[in-house]
Amino acid sequence: MKAKAFSFAADDWRSGVFAALKRQNVQQMAYVPDAGHASLITACHADAEIESTVLTTEEEGVALLAGADLGGQRGVMLMQSSGVGNCVNMFSLLQSCGFPFVTLVTMRGEWAEFNPWQIPMGKVTEETFKRSGFIVYRADTGEDAAAMTASAVQLAYDSNCPVAVLLSQRLIGAKNF
Amino acid sequence: MIDRRDGVAAILKDRPDNLLVISGLGSPTYDVAAAGDVAENFYLWGAMGGSASMGLGLALARPDARVLVVTGDGEALMGMGSLATLGAKAPENLAVLVIDNEAFGETGGQTSHTGKTTNLAAVALACGFRHVLTAHRQPDLAVLKQVMLEETGPVLGVIKVGSGELPRVLPERDGHAIRNRFITATTNRKNGEKT
């Protein structure tokens, strides 16, 4: 079931990220929601050519996109940094089989963070990805986020490797309570 | 009680050309390999808890195929949240088959949650699966096979099996080789259908 047509706010840099996903022919999107991804999630749900799947935990998305690759489709997972630790053993699937994989990660715990519980995972997010065999990009501007998303999909699917794009908390804006 | 090899073999006997199988780590992988080592099988040797999610991604990408995930009670329990995801997404071409020995058979036979209180068929039904069925005896397998291969998904079947260990049947365990073999075979088939 598809939602109504959606358009990004004029100043929302995520429209560039979405355009990059479309240009790179991404057909599956899996996510555990984050406020920083909200408009991108809505745009994917509204797109007739993208199958969007809400997950109960991030590790499902790793396996799901491996399955999508077996079926010949490109995918992306949207999550926040606190979800990265949930995936660690499932990342072994990517390395053991040479699956391509792309994830866009909204960072918490690094810039004007309100919630101290976000700090521990935020501090080790990049290192966790690297130790799990990922190539890691970090975007501090909307322009970077779009360009890095396009590059990440191309790199992952042309070279069969996992790539993470970290969207910095400075870019997203600290969460207000 | 059903013998697990007999149960899986009964479901996969004369399998249709469009059936793609993902097997969960441990005994389900050995059971599926024992029933016929074909390129349309993807064997997991790790990634515990991921088989049903992997089946979902494949089912969404290949609406022309029937996708069957064969897993055990231990893996299904670890990935129980994924049953909620499958129910919510409701892929019509996806079936999950749980070979339930009510034990962690690879690690010393410790009693699992299904040997105590958990009913995985009831869990799947509560998650929105369209049809669930539990086979306790050999004669139940014919109906189970029909549900697994033909009923509108998502469907989940449970085969209650004995907990004894069987001789291991070890297929390829290089993940790159398994992936390449699967993609090469199934992409050719898909292309073949188009021409």
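Figure 1. A cavity is a set of grid points where a 1.4 Å probe fits but cannot get out. The structure shown is a predicted model. Three cavities of 30 Å³ or more are counted in it by this rule.

**Figure 2. Close-up of the largest cavity.** Its lining comprises 14 residues. Nearest the cavity centre lie B:Arg4, B:Ser27, B:Gly164, B:Glu165 and B:Leu166. Two elements of chain B give two or more residues each to this lining: helix H1 (4–12) and helix H2 (27–34). H2(B) supplies the largest share, three residues. By class, the lining of the largest cavity holds six charged, six polar and two nonpolar residues.

**Figure 3. Close-up of the second largest cavity.** Helix H3 (51–61), helix H4 (73–78) and helix H5 (80–89) of chain B are the elements that give two or more residues to the lining. Five lining residues are polar, four are nonpolar and one is charged.

**Figure 4. Close-up of the largest pocket.** The volume of the largest pocket is about 320 Å³. Its lining is made up of 20 residues. B:Leu25, B:Gly26, B:Ser27, B:Gly105 and B:Glu106 lie nearest the centre of the pocket. H2, H4 and strand S5 (103–104) of chain B each give two or more residues to the lining. The lining of the largest pocket divides into nine nonpolar, seven polar and four charged residues. B:Ser27 is also among the residues nearest the centre of the largest cavity.

**Figure 5. Close-up of the packing of H3(A) with H3(B).** Helix H3 of chain A spans residues 58–70. H3(A) packs with H3(B) at an angle of about 40°. Their axes are 6 Å apart. The crossing of the two helices is right-handed. From H3(A), the contact is made by A:Glu60, A:Ala63, A:Leu64, A:Ala66, A:Gly67, A:Ala68 and A:Leu70. From H3(B), B:Ser53, B:Met54, B:Leu56, B:Gly57, B:Leu58 and B:Ala61 take part. Nine residues of this contact are nonpolar, three are polar and one is charged. H3(B) is also one of the elements that give two or more residues to the lining of the second largest cavity.

Technical notes: Residues numbered from 1 in each chain as written. Chains lettered and ligands numbered in written order. Predicted model: local features only at pLDDT ≥ 70, side-chain atom pairs only at ≥ 80, totals over all residues. Heavy atoms only, no water. 1 Å grid on protein atoms, 1.4 Å probe; cavity = no way out; pocket = protein on both sides within 12 Å on 5 of 7 lines; lining within 4 Å. Points joined across faces, edges and corners; volume = space filled by probe spheres on them. Helix = DSSP H or I, 4+ residues; strand = E, 2+ residues; numbered from the N terminus. Nonpolar A, V, L, I, M, F, W, Y, C, P; charged D, E, K, R; others polar. Axes fitted to C-alpha atoms, helices over the stretch in contact; angles between N-to-C directions. Left-handed = near helix turned anticlockwise from the far one by under 90°. Contact = heavy atoms within 4.5 Å.
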